Amino acid sequence: MNKILKIRVDSNLCIGAAPCISTAPEVFKLDEENKAVMKIKGRDKGVNRAERKELAADAVSDDILTAAAQSCPVKAIFLYDENENQIYP
Ligand code: SF4
């Protein structure tokens, strides 16, 4: 069962180090400014479960999402549960 309902990247924190992308390339990519964004057109503020489905990111387990967030050296990836509680960091 998926516990992570929402993912958000803070582009002000992101330094484009990119381990999140190598960990979860289905979810993250770098934009033209070398900031990590979610792979959803026009939305880089967050992604909910419906959007995860759109992304086929339900194929991306919470473990991988957590590993991607943990791989970020500046902790720019925020994970939230269904009650909008921050799970990480
Ligand atoms: S790991 Fe962190 S700093 Fe690196 S691209 Fe991803 S969000 Fe940005």
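**Notebook: core, sheet and ligand shell**

I began with the largest nonpolar core, which has 20 residues; Ile-7, Val-27, Leu-65, Ala-68 and Ile-77 touch the most other members. I then asked which elements give two or more residues to this core, and found strand S1 (6–9), strand S3 (36–38), helix H3 (62–71) and strand S4 (77–80). Helix H3 gives the most, with three residues. I note here that the model is a predicted one.

**Entry on Ala-68.** I looked up the contacts of Ala-68, leaving aside neighbours within four places in sequence. The partners are Cys-20, Thr-23, Ala-24, Val-27, Phe-28 and Ile-77. As general background, I recorded that nonpolar side chains tend to be buried together in soluble globular proteins.

**Entry on the chain as a whole.** I counted three helices and five strands in the secondary structure. Read along the sequence, these elements follow the pattern β-α-β-β-α-α-β-β. The chain has 89 residues, of which 26% are buried. I also checked contacts between residues at least 6 apart in sequence, and 60% of these join residues at least 24 apart.

**Entry on the sheet.** I traced an open sheet of three strands in the order S1-S4-S5, with antiparallel pairing. Its edge strands are S1 and S5, each of which pairs on one side only. On average, neighbouring strands of this sheet are turned by 35° against each other, direction ignored. Helix H3 lies across S1, S4 and S5 and runs at about 145° to S4.

**Entry on the strand pairs.** I found four bridges joining S1 to S4, an antiparallel pair. The hairpin of S4 and S5 has five residues between the strands, and in it Glu-84 takes a positive phi near 65°.

**Entry on the faces of S4.** Which residues of S4 lie on the covered face, and which on the uncovered one? I assigned Ile-77 and Leu-79 to the covered face, and Phe-78 and Tyr-80 to the uncovered face. The general rule I set beside this is that side chains in a regular strand alternate between the two faces of the sheet.

**Entry on two further residues.** I placed Asp-62 in helix H3. Is Asp-62 exposed, partly exposed or buried? I classed Asp-62 as partly exposed because 15 other C-beta atoms lie within 10 Å. Asp-62 and Ile-4 are 58 residues apart in sequence, yet their C-alpha atoms are 6.2 Å apart in space. I then turned to Pro-89, which is found in the segment after S5. Pro-89 has 12 other C-beta atoms within 10 Å and is therefore exposed. I noted a separation of 7.9 Å between the C-alpha atoms of Pro-89 and Gln-70, which are 19 residues apart along the chain.

**Entry on the ligand.** I listed 14 residues around the ligand, of which Cys-14, Ala-17, Cys-20, Ala-36 and Cys-72 come nearest.

Technical notes: Residues numbered from 1 in each chain as written. Predicted model: local features only at pLDDT ≥ 70, side-chain atom pairs only at ≥ 80, totals over all residues. Core = buried A, V, L, I, M, F, W, Y, C linked by C-beta atoms within 7 Å. Contact = placed C-beta atoms within 7 Å. Near = placed C-beta within 6 Å. Pairing = 2+ DSSP bridges. Axes fitted to C-alpha atoms, helices over the stretch in contact; angles between N-to-C directions.
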